[in-house]
Amino acid sequence: MSWASRRQDYVAEFGALVREVGPHQGCVIALHGGPGTGKTTLLRRFREHAAESGALFLAATGFRNERSVPFATIEQLTYSSGIPEEARAAVARLWEHGVPREASDSDHVGRLRDLTSVLEAVAREKPLVIAVDDVRYADALSQVCLLHLARRAQSSGIVIVMTSGQTEAPAEGTPERSDFLGVPGCRIRDIPLLSEAEVRLLLERQLGAEAAEETYAGVHQVSGGNPALVHALVRDHKTSLRTAPEHGAAVGGGVVVSEAFERSYMGRLLRHPHLMSCVRALAVLDRSHTPVRIGQLLDRCPERVAAEIAELESAGLLEGGWFRNPAARRAVMGAPECARLHSRAAGVLRAEGAPVTTVADHLVAGNGVLDDTEVAVLLRASRQLLGEGKADAALRCLRLADRAELDEPRRVEIIRALVGALWCVNPAAAEPEASRLMSAMRSGALDAGDIHGLISWLLWFGRTKEAGEAITHLEKLSDPRSPGDREQLAATRAVVAHFGPALLSTLPESDPPSWEMDTMSAAHLERAARASIGQLSAPAGHSDLLPLVSELDETVDGAALPPLVRDRRIFWDRDALSLLELIQHGHFALADRLCAALLAQLPAEGSPARHAIFLSIHARVAIQRGDMSTAAARATGALEHLPHHGWGVVVGSPLSTLVHAYTVMGRHEEAASYLEYPVPEEMFQSTIGLFYLVARGYHSLATGRPYAALSDFSACTPMADQWRSSSRHLLGWRTGAAEAYLALGKSHRARTMVERELAAIDPRPSTCRGNALRVLAAACPPDQREALLGQAVDVLRQCDNRLALARALADLSQSHADNGRSQEAHTLRQEAQQLSHHEGDRTPLLPARTPSLNGTAPVPRAAAPESVDRTLLSNAEWRVAVLASEGKSNRQIARHLYITVSTVEQHLTRVYRKLSVRRRAELSRLFRLTNGMDALAD
């Protein structure tokens with residue numbers, strides 16, 4: 001039977017009772033229903049019906065916070081309209097005399113009988129109805145009095161109506177629920193929920209037929225047919241029509257679930273604290289809830305918890321033991337009590353062996369005082385979360401752990417973990433924690449592994465002075481006889497080599513074995529990972545490449561397998577350097593797959609900085625494979641994921657990729673726009689600066705500024721020499737300098753540079769070797785070009801760079817055309833064009849930089865006075881001085897070098913002082929540009 005029909009039946013039944021009531025014809029009606037099912041509304045209907053019938057209606061409500069006030073509920077009867085003075089006086093005598101000494105107190109019993117007699121007398125004159133809402137919350141003495149009246153209702157002609165739930169345990173000293181239900185003539189009536197059809201009818205009256213048709217099913221699902229919640233959803237719907245969509249959350253069927261629903265849901269439970277606490281415990285435990293666990297949180301037996309959940313389900317507040325809508329769970333979660341429940345839940349779940357991250361979630365939500373065991377849980381959870389790319393969640397664990405009372409080793413462990421986690425979100429945010437690590441290092445509290453991570457962070461931001469201090473401490477801690485220390489030292493050298501090559505001389509040699517490459521190459525990491533598959537003892541903090549490469553089937557040459565470096569932290573500089581090493585050695589396919597796998601494992605929303613760095617490296621892979629549009633898209637995405645100040649010196653990586661990609665694509669203005677990005681001066685003291693200088697040099701070359709290009713390419717020399725890695729020869733800066741010399745009409749200088757390049761790099765096929773052969777051909781006499789270009793094409797066909805091959809083919813095509821072999825030239829030109837065509841976009845080929853191929857006229861040379869002592873000037877001062885000696889203005893120099901005019905002026909002031917000149921004319925006479933450039937290039 002439906003809610004509406006039953007309600008009408010109950011009203012009709014009540015009306016019949018009132019009409020037929022008389023001596024020995026009273027009764028008790030017990031209305032049962034959960035919160036919000038309409039018990040109070042039905043009582044109002046009874047009251048209206050009683051008034052129409054001329055009956056006296058005495059009403060009262062039980063309030064939980066008045067349960068300690070004697071006769072508080074019975075006293076409310078005296079305020080009902082029409083109550084005779086005798087009845088009011090009889091009630092007054094009860095509460096005036098206060099709490100009886102004992103239940104059988106003769107005076108108290110006498111007063112109860114007096115009240116019964118007075119009410120019986122009233123009932124003989126007119127129908128009398130006594131209605132008590134929420135009788136279970138009435139005070140103990142009122143309940144005893146009501147039970148006394150209920151037992152005599154049938155014989156006295158009184159109609160008593162009471163509403164209640166089903167599960168509240170009786171307070172001490174109050175009658176059991178069964179005592180009321182067992183009185184003679186008691187009629188128990190359950191109030192059902194609204195059916196879908198009834199919800200639809202209600203919505204039609206409130207919202208109209210069209211809106212009702214669209215929403216009734218969703219409203220019924222969300223509300224469970226609870227009348228109060230249905231009306232709340234109607235209010236939310238009406239509000240949503242007047243306000244912006246973001247004020248509410250639409251669910252299936254166009255239902256808006258917002259503030260009115262949440263308030264109503266809370267309101268249904270506020271008057272029933274035992275149900276509220278049950279719901280909150282359910283919400284706190286989330287999907288790990290069971291009646292047993294809820295009972296442990298609330299100190300209740302599982303049977304009682306199950307009964308409370310059943311009552312909530314019968315009221316439509318839960319479905320299948322869970323919330324019908326997330327808004328319901330959200331509504332009950334804001335109270336301080338939830339924090340206490342979370343703390344208790346952490347203990348319960350930890351004792352059951354629940355996942356460490358689940359326990360940590362509850363500890364964080366509880367936000368309480370932690371013991372050593374709980375701190376250890378948070379640390380383990382933070383490592384796991386960081387490995388899953390959930391840096392924010394890891395940080396919440398570590399921030400809470402950092403507030404605990406800790407000993408020094410544990411405190412250092414927490415700070416170290418904080419630096420690692422913050423590095424994954426925004427490295428700049430780790431500055432306060434890095435400062436704490438510096439203090440700990442100075443007090444001797446850090447081990448070698450901790451100092452390695454600190455050095456990595458310091459060099460990330462170009463803080464070479466502090467990094468040098470850390471290296472000094474590291475050297476004191478390292479034992480050259482220990483294999484572990486030697487491995488750690490080798491890893492530190494790899495980091496320093498890339499980010500602070502000038503500090504390499506301060507580090508002791510690590511004496512690497514014959515199998516070790518210059519950095520911790522991902523090639524040998526892959527082989528080590530293959531040997532480690534299935535080893536569950538590997539700690540959670542070491543290289544992220546290891547769990548990924550087990551699925552890769554590409555073989556990398558290597559005769560021996562190194563032992564794995566066990567890194568218990570989540571510093572990921574090693575992975576980045578390993579990938580860069582793969583790229584530099586031409587393993588583009590493997591690097592591409594590893595990058596893709598890492599990026600899939602580390603979502604941007606969880607670890608934005610780590611994602612940005614690997615996306616930047618992935619962009620560099622695309623550059624090396626000649627896919628400029630993909631490279632630009634990836635590098636742009638990398639810059640978007642991490643704020644500019646968080647990049648440190650590494651900002652040069654995505655910027656150099658973007659400059660290079662847009663230069664190759666002929667979009668020079670876009671390339672120039674990225675050269676306007678501010679970069680830290682310290683970047684030029686790292687290998688990232690080399691990438692940036694090479695990219696800027698090629699942009700200058702492509703835009704007709706060979707002097708600026710030569711300055712940038714030549715500036716790579718001192719940094720590359722400090723790097724001391726064979727990888728430094730794979731950047732191609734000498735080839736770039738040779739192309740600049742060709743643009744200046746200096747074929748001899750170009751040939752010298754490119755021959756040095758070929759002598760320095762590995763003889764195996766590589767993009768760098770192929771490009772060098774192509775430029776060497778341009779620098780040689782025409783009768784030698786075709787053979788050299790053929791070699792370049794052969795080398796590049798074995799590489800994975802379509803644009804480098806396309807350029808070599810284009811030059812070879814031109815050479816064939818110059819020699820009258822038009823058919824061969826046409827075939828090669830077509831292949832070159834096909835290679836330069838990618839995904840529907842025409843990627844223009846960089847023109848050959850040789851006068852014989854493109855007719856480039858030599859750029860006028862400056863005068864050649866005595867040479868200058870190069871050691872007197874810094875790299876930056878030298879570049880400014882060279883351009884100033886050519887007669888360029890300060891503004892022109894600033895544009896060429898992408899620095900401010902003010903910076904140019906400062907450099908020139910120092911140049912004049914160091915070289916003892918007073919004006920630009922003297923500087924021009926002193927400089928010999930050609931020898932100056934050659935000296936720097938050498």
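Ser288 sits in the loop that joins helix 13 (273-285) to helix 14 (291-298). The model described here is predicted. A polar atom of the Ser288 side chain lies 2.6 Å from the backbone oxygen of Leu285. Apart from its neighbours within four places in sequence, Ser288 is in contact with Arg293 and Leu349.

Helix 22 can be checked for length. It has 12 residues, 431-442, and at 1.5 Å a residue these should span 16 Å; the end C-alpha atoms are 17 Å apart, which agrees. The buried residues of helix 22 are Glu433, Ala434, Leu437, Met438, Ala440 and Met441. They cover an arc of only 165° around the axis, so they lie on the same side of helix 22. An α-helix has 3.6 residues a turn, so residues three or four places apart point the same way.

What do the buried residues of helix 22 pack against? Their partners are helix 20 (391-402), helix 21 (408-425), helix 23 (448-460) and helix 24 (464-477). Just after helix 22 comes Gly444, which takes a positive phi of about 80°.

The next topic is cysteine. How many disulfides does a search of the whole structure find? The search finds zero. Cys186 is buried, with a relative accessible area of 18%, whereas Cys301 is partly exposed, at 41%.

Aromatic rings also come together in this model, and the structure holds nine aromatic pairs. Among them are the two in the table.

| Pair | Distance between ring centres | Angle between planes | Class |
|---|---|---|---|
| Phe261 and Tyr265 | 6.0 Å | 35° | tilted |
| Trp322 and Phe323 | 5.1 Å | 75° | edge-to-face |

The angle decides the class: the planes of Phe261 and Tyr265 are at 35°, so that pair is tilted. Phe261 and Tyr265 both belong to helix 12 (residues 259-270), and because they are four residues apart, about one helical turn separates them. Are these two residues buried or exposed? Phe261 counts as buried at 1% relative accessibility, and Tyr265 counts as buried at 1% as well.

In the other pair of the table, Trp322 and Phe323 have their planes at 75°, so the pair is edge-to-face. Trp322 and Phe323 are buried too. Elsewhere in the chain, Trp423, Trp460 and Phe499 form one aromatic cluster.

How values were computed: Residues numbered from 1 in each chain as written. Predicted model: local features only at pLDDT ≥ 70, side-chain atom pairs only at ≥ 80, totals over all residues. Heavy atoms only, no water. Helix = DSSP H or I, 4+ residues; strand = E, 2+ residues; numbered from the N terminus. Polar contact = N/O pair within 3.5 Å; in protein donor to acceptor, adjacent residues only side chain to side chain. Contact = heavy atoms within 4.5 Å. Expected span 1.5 Å × (residues − 1). Buried < 20%, exposed > 50% of the residue type's maximum accessible area, 1.4 Å probe, protein only. Arc of directions from axis to C-beta. Disulfide = S-S within 2.5 Å. Phe/Tyr/Trp six-rings, centres within 6.5 Å; stacked < 30°, edge-to-face > 60°.
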